[in-house]
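Please look through the sequence and the structure shown here before reading on, and keep both in view as you work through the points.

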Amino acid sequence: MTPRDASDANDNRWSDLDRPPLNATALRRALVRDGADGGLWSDLQVVAGTGSTNSDLVGLAVSGKADEGTVLVAEEQNAGRGRLDRRWTAPARSGLFFSVLLKPTGVPVERWGWLPLLTGVAVATALSRVAGVDTALKWPNDLLVTVDGGERKAGGILAERAGSDAVVVGIGINVTLREDELPVPGAGSLALAGATTTDRDTVLRAVLRSLEQWYGKWVAAGGDPGASGLQETYAAGCATLGRVVRAELPGDRSITGEAVAVDGDGRLVLATEEGVQQPVGAGDIVHLRPA
C-alpha cells in the first residue's frame with residue numbers, strides 16, 4: 001500500500017478530538033540531530049496511513065533510500081504485523097505505530113537477536129517514566145500492563161532484517177483504545193491501565209529517547225548483553241520468568257516448564273519436569289500459572 005502523507009487534505013485529521021494527530025514538525029525538532037555529533041535519529045516522517053511501517057521501511061532500507069536512525073510513523077495501519085505473522089489493527093490515532101532503522105556496525109550478527117529485547121526494555125522504561133504505567137515484558141516481545149488487576153497486552157515489537165547490514169524494528173503501542181475497541185479480550189491500552197498522560201507526542205519522544213540510550217550502550221559494548229546491562233535489566237522486568245509456561249514451537253511441538261532464565265543469546269530457558277534445562281529461541285509462549 002502507498003503511504004498517505006499526514007498532511008493529505010482529504011484526511012479528516014480532527015475526526016476524533018480525543019485523538020489529535022501527531023505534530024511531525026515538533027517531533028523532528030525535538031529528536032532529529034544533524035552532524036557527526038548528533039544523536040541516533042536522522043529522519044522522522046509521519047504518514048496518515050499505510051499497510052505496515054515495517055514493510056515500508058524495509059523497502060526503503062534495501063533500496064538505499066533510508067539511513068540509520070530513520071523513523072517512520074503511521075497514524076493508522078491496516079496491515080500491521082506481529083510475530084508469527086499475526087495482524088495488528090487499531091483505530092486511527094489510537095496508538096503509536098512506528099518503525100526504526102538500525103545498523104549495528106561493530107556488533108556481531110549473532111547478537112542482533114537482542115534487538116527486540118532491547119527495544120522492549122527501552123519502551124517499558126519510557127512508559128514507566130513518562131506515563132506512570134508499570135509495563136512488564138512477556139518474552140520475547142510483548143508489552144504487558146495491568147488493567148483491573150489482570151495482565152493485558154498493550155503492545156508488541158517485531159524486528160526484521162533489511163539487507164545484510166540493517167534491522168528494522170517495528171513497535172506498536174495501544175494508547176487510547178477503549179474497552180469496546182479492543183481486538184481481543186486479552187488486549188489493553190495505556191489509558192485503560194491508568195496512564196498519567198496519553199499524549200502520543202510525549203510518549204513517542206520518551207520511547208525514542210529511551211531506545212537511543214539503550215541502543216547506544218549496547219553498541220558501545222559490542223552487543224554484549226551483560227556488559228551493557230541489558231540482560232540483567234530485561235530479566236528484572238520480564239513477567240515470564242518464574243512462571244510455568246508452554247512454549248509452542250515450530251512443527252507443532254511444545255515444551256512445558258518453568259521459565260528460569262534468559263541466556264546470553266536472548267533465549268528463554270525452561271526447566272522441564274524431566275530435569276532438563278531447555279533453551280527456546282523461537283516460538284509462542286503461553287503463561288500457564290502466575291509467578
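The briefing below starts with the overall picture and then turns to strands, helices and backbone details.

This is a predicted model, and its secondary structure comes to five helices and 15 strands. Of the 291 residues of the protein, 51% count as buried. Among the contacts with a separation of 6 or more, 65% are accounted for by residues 24 or more positions apart.

**The five-stranded open sheet**

- Five strands, in the order E14-E13-E12-E11-E15, form an open sheet in which the pairing is antiparallel.
- Strand E14 (277–280) and strand E15 (284–287) stand at the edges with a single partner strand each, so one side of each is left without a neighbour in the sheet.
- If direction is ignored, neighbouring strands of this sheet are turned by 45 degrees against each other on average.
- Within the sheet, strand E12 (residues 253–262) and strand E13 (residues 268–271) form an antiparallel pair over four bridges, and Glu258 stands opposite Ala271 in E13.

**Helix packing**

- Helix H1 (residues 24–31) and helix H4 (residues 200–220) have axes that come within 11 Å and cross at roughly 30 degrees; the two helices are therefore roughly parallel to each other, and their crossing is right-handed.
- On the H1 side the contact involves Ala26, Leu27, Ala30 and Leu31, which meet Asp201, Leu204, Arg205, Leu208 and Arg209 in H4.
- Sorted by class, this contact of H1 with H4 has six nonpolar, no polar and three charged residues.
- Helix H3 (residues 115–131) and helix H5 (residues 230–237) pack at an angle of about 60 degrees with their axes 10 Å apart, and the crossing of H3 and H5 is left-handed.
- Leu117, Leu118 and Val121 of H3 make this contact together with Leu230, Thr233 and Tyr234 of H5, which gives five nonpolar, one polar and no charged residues by class.

**Backbone details in the loops**

- Most residues other than glycine have a negative phi, and most peptide bonds are trans.
- The peptide bond from Trp139 to Pro140 is cis, with omega near 0 degrees, and Pro140 is found in the loop between strand E7 (136–138) and strand E8 (142–147).
- Asp148 has a phi near 55 degrees, a positive value in a residue other than glycine; Asp148 lies in the loop between E8 and strand E9 (150–161), and because its relative accessibility is 74%, Asp148 counts as exposed.
- Asp252 is not a glycine either, yet has a positive phi of about 60 degrees; the loop between strand E11 (244–249) and E12 is where Asp252 sits, and at 83% relative accessibility this residue counts as exposed.

How values were computed
Residues are numbered from 1 along each chain as its sequence is written. This is a predicted model: local features need pLDDT of at least 70, side-chain atom pairs count only at pLDDT 80 or more; totals for chains, interfaces and linings use all residues. Side-chain values use heavy atoms; hydrogens and water are left out. Axes are lines fitted to C-alpha atoms, for helices over the stretch in contact, and angles run from 0 to 180 degrees between N-to-C directions. Angles under 35 degrees count as roughly parallel, over 145 as roughly antiparallel, 65 to 115 as roughly perpendicular and the rest as oblique. A crossing is left-handed if the near helix is turned anticlockwise from the far one by less than a right angle, and right-handed if clockwise. Contact means heavy atoms within 4.5 Å. Ala, Val, Leu, Ile, Met, Phe, Trp, Tyr, Cys and Pro count as nonpolar, Asp, Glu, Lys and Arg as charged, and the others, Gly among them, as polar. Two strands pair if DSSP finds at least two bridges between them. Buried means under 20% relative accessible area, exposed over 50%, partly exposed in between (1.4 Å probe, protein chains only).
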